[in-house]
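Colleague: I would like to go through this model with you, one question at a time. Please show it first.

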Amino acid sequence: MTKFRPSYYKFIAILLCLSIAGISPAMAAPAPGAARATIKKKASSRNYGVPTFTDSEKDDVAAYDDPIVRKAAVDALGRYNGSVVAIDPSSGRILTVVNQNLAFSAGFIPCSTIKPVIAVAALQEGVVTRDTMIRVAPRKYLNLTEALAHSNNAFFEELGRRMGFDTVSHYGRLLGLGELAGYQIPEEHPGGFPSEPPTFGGVARMSSFGQGIQMTPLQLGALVSSIANGGTLYYLQYPRTPEERTNFAPRVKRQLNIESLLPEVRDGMLAAVLYGTARSSFISDDAQALGKTGTCSDAASRLGWFVSYADQAHPKIVLVVLVRGHSSIIKGAMAAGVAGRIYRRLNDENYFAARSDVSQVPVLSARARQ
């Protein structure tokens with residue numbers, strides 16, 4: 001028969017006393033250091049995934065913005081640290097700029113929003129067609145539509161390598177990168193475009209997410225407006241006086257001979273919304289947007305881009321959304337969600353149908369000076 005030492009009975013007695021008091025060793029108070037660790041862990045879990053908050057309207061001068069579009073954009077952006085630029089792609093008129101300090105800054109790396117530029121260049125140069133399959137991983141091949149839909153870096157890196165730096169640069173500049181997008185917008189900056197391949201990653205990395213490029217929301221909006229309208233690159237104009245609004249007329253910067261290439265690019269941007277990286281920008285079964293997301297980081301923060309336009313048959317509005325912060329939630333999909341809220345709000349208010357009744361205005365010469 002096993003004998004039990006007194007210490008064993010003492011231990012059992014202590015357990016019985018704790019049980020009667022409603023306390024167990026597992027429920028006992030942790031050591032001070034453990035308590036601090038627990039509190040710290042809980043605090044960090046509460047903050048994890050929360051983007052930087054800001055007052056996006058602070059310092060904006062928006063008396064002559066389209067009030068319906070601006071209200072939808074402000075509400076959709078909420079307290080996120082970001083910017084929204086809305087443009088009429090049929091004229092280059094800026095409808096609203098939310099967070100003008102951010103929108104008119106010196107520019108940011110474009111992330112994957114550079115991919116439509118590379119797609120246009122590769123199609124024009126005959127490097128790729130709608131049916132071209134490119135190997136992106138062992139036993140995995142994609143065509144252009146799927147590569148745009150899922151923002152595949154390997155696909156566009158290969159296009160960049162095949163075209164080379166000079167060709168990629170030619171089309172980037174042709175589509176307005178590295179130059180002012182607006183007409184007499186004093187706060188605007190021209191961004192930046194490299195004169196030689198980036199040291200890190202070369203033309204491949206430049207083609208997959210814009211390494212070495214500094215792009216502004218206005219440049220991206222003008223670029224995608226030309227994709228939406230069939231190849232007209234307008235000077236963006238931002239009427240901010242009664243006279244400018246009354247005398248507004250579109251100004252063409254240049255005509256791009258890309259209309260025959262655009263169905264392939266548009267199909268990829270539509271696929272991004274339907275089942276790719278931009279699903280959160282979905283409007284409704286009756287109305288749809290096309291778009292391209294972008295996610296990466298610069299030296300200061302994470303960046304989430306989304307550029308899109310509504311109604312493929314009759315484009316009515318281009319939206320550029322940029323969000324910034326230090327959280328992992330900052331990504332292109334988040335920016336697409338902001339755009340989706342704007343589109344759904346405008347759709348519910350019948351805004352797009354109302355804009356169909358806006359009269360056309362004469363277009364001024366493509367030689368207009370800035």
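Colleague: Is arginine 139 buried or exposed?

Modeller: A word on the source: this is a predicted model, in which local features need pLDDT of at least 70, side-chain atom pairs count only at pLDDT 80 or more, and totals for chains, interfaces and linings use all residues. Residues are numbered from 1 along each chain as its sequence is written, and side-chain values use heavy atoms, with hydrogens and water left out. Buried means under 20% relative accessible area, exposed over 50%, and partly exposed in between, with a 1.4 Å probe and protein chains only. The relative accessible area of arginine 139 is 85%, so this residue is exposed.

Colleague: Where is arginine 139 found?

Modeller: Helices (H or I, at least four residues) and strands (E, at least two) are DSSP runs, numbered from the N terminus. Arginine 139 is not a glycine, yet has a positive phi of about 60 degrees. Its place is the loop between strand S3 (134–137) and strand S4 (140–142).

Colleague: Is serine 151 buried or exposed?

Modeller: Serine 151 also has a positive phi, near 55 degrees, without being a glycine. It sits in the loop between H6 and H7. Its relative accessible area is 15%, so serine 151 is buried.

Colleague: Which residues does asparagine 152 touch, not counting residues up to four places away in sequence?

Modeller: Asparagine 152 is in the loop between helix H6 (144–149) and helix H7 (153–163). Its relative accessibility is 15%, so it counts as buried. With contact taken as heavy atoms within 4.5 Å, and residues up to four places away in sequence not counted, asparagine 152 touches Lys115, Val136, Leu142 and Ala147.

Colleague: How many bridges join strand S8 to strand S9?

Modeller: Strand S8 covers residues 302–310 and strand S9 residues 317–325, and the two run antiparallel. Leucine 303 stands opposite arginine 324 in S9. The number of bridges joining S8 to S9 is nine.

Colleague: Which residues in H9 do Phe165, Val168 and Ser169 in H8 meet?

Modeller: H8 covers residues 165–174 and H9 residues 202–209. The three residues in H8 meet Val203, Met206 and Ser207 in H9.

Key. Axes are lines fitted to C-alpha atoms, for helices over the stretch in contact, and angles run from 0 to 180 degrees between N-to-C directions. Two strands pair if DSSP finds at least two bridges between them.
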